[in-house]
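Dear colleague,

Please find the structure below for your records. My notes on salt bridges and surface features follow it.

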Amino acid sequence: MTLKKRLGMLRGVYGQDMPYRDPHTAAPALWALRHSSNCEFEVSVLPVQGTTSWRKGLEALAISLYRQKYSQSPTVNFGRMPVGYRMSTSNNSKLVQAGKRLRGGLISELEQSHLPGISPLAELQKDLQSNYWCGHQWSDWVPLTLAGLTSLAKNSLGLYRIRSCYQPELIYIGQGIIQARLTNHLGKVQNPKTEQGQVFANAGILECSWVINNSWVPHQRLELENDLIAAHLLFMETVPNAQFLG
C-alpha cells in the first residue's frame with residue numbers, strides 16, 4: 001500500500017461524525033483530538049523499500065525510540081483515546097448484520113482506553129535471550145509443547161517470546177493470554193497452513209519464555225511488546241522471522 005493511499009484513509013478525521021476504526025485504526029482518536037481542541041494535523045513521510053514485515057519493524061523501532069526519549073508513546077498509538085471520548089467500532093458486514101457497528105463520540109465515564117500508557121522499563125537491550133531482557137523478569141526457557149506449558153495458569157496475561165534452539169535471534173514476540181497464545185502457535189507448528197505456520201514448522205525445536213503481569217491493560221502490553229520487537233530489530237538487524245505474518 002502506498003503512503004498516499006494510507007494517509008487518504010484518514011480523511012474521515014475531518015468529518016462531522018467520528019470515523020470507524022477501519023480503514024485506519026487511529027482515525028477515531030485523531031477525530032476526537034480535533035473535536036476537543038480544533039487542532040490541525042501535519043504529516044511527514046519516509047518512503048522505505050522492502051517487505052511489509054521490514055516496514056512494520058521500522059515503525060516499531062521509530063515508536064520505541066520516541067518512547068525512550070519521552071518516556072511515553074505517541075498520543076494515539078496502541079488504541080488509546082482522549083478522555084471524554086469513546087472509540088467507534090470497526091466497520092464490516094459481520095458487525096452490521098449483528099447490529100454492533102457503532103460510531104463513537106462524547107461520553108462522561110472513564111474507559112480502559114483512557115488509562116495512561118506505560119513507560120519503557122529499561123533501555124532497548126541486546127541480550128534478547130536473557131532472563132532480564134529490556135527490564136523484564138522472564139521465566140526460564142521451556143519447550144514449546146503442551147507439557148512445557150503446564151506451569152502456566154490458564155488466564156495469565158503478559159508477554160512471551162519464542163526461539164529456535166541454538167539460534168541467536170527470536171522467532172516471535174507476542175502478548176496476551178500467554179497459554180492460549182502459545183497453544184495457538186503450537187497448533188500452527190503441527191498444522192502449518194499459513195506463512196507464519198510454515199516459519200514455525202521449519203524452525204526446528206522451539207522454546208518459549210514469558211513475563212506474567214495481570215495488571216497491565218491491553219494497550220500497555222502492546223507498548224511493551226513494541227519495545228521488544230524494536231530491540232530485536234535494532235540489535236539483530238531483522239524482525240523475528242514469524243513476526244507480522246498474521
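The side chains of arginine 86 and glutamate 109 form a salt bridge, with N and O 2.8 Å apart; the term denotes a side-chain nitrogen of Lys or Arg within 4 Å of a carboxyl oxygen of Asp or Glu. This pair connects distant parts of the chain, since arginine 86 lies in strand β1 (residues 85–86) and glutamate 109 in the loop between β2 (105–106) and β3 (142–143), 23 residues apart. Helices (H or I, at least four residues) and strands (E, at least two) are DSSP runs, numbered from the N terminus. Arginine 86 is partly exposed because its relative accessibility is 33%, and glutamate 109 is likewise partly exposed, at 39%. Here buried stands for under 20% relative accessible area, exposed for over 50%, and partly exposed for what lies in between (1.4 Å probe, protein chains only).

Please note that this is a predicted model, in which local features need pLDDT of at least 70 and side-chain atom pairs count only at pLDDT 80 or more, while totals for chains, interfaces and linings use all residues. Residues are numbered from 1 along each chain as its sequence is written, and side-chain values use heavy atoms, with hydrogens and water left out.

By the salt-bridge rule, the count comes to six. Another of these pairs is glutamate 207 with arginine 163, whose closest N and O atoms are 2.6 Å apart. Here too distant parts of the chain are linked: glutamate 207 belongs to strand β6 (residues 206–212) and arginine 163 to strand β4 (residues 157–164), 44 residues apart. Glutamate 207 counts as buried because its relative accessible area is 17%; arginine 163 is buried as well, at 17%.

Shared partners join Arg67, Glu223 and Asp227 into one network of salt bridges. Within it, aspartate 227 pairs with arginine 67, the closest N and O atoms being 2.9 Å apart. Aspartate 227 sits in helix α7 (residues 218–236) and arginine 67 in helix α3, 160 residues apart. With a relative accessibility of 5%, aspartate 227 is buried, and arginine 67 is buried too, at 0%.

Valine 43 is found in the loop between α2 (27–37) and α3 (52–70), and it counts as exposed because its relative accessibility is 56%.

Yours sincerely
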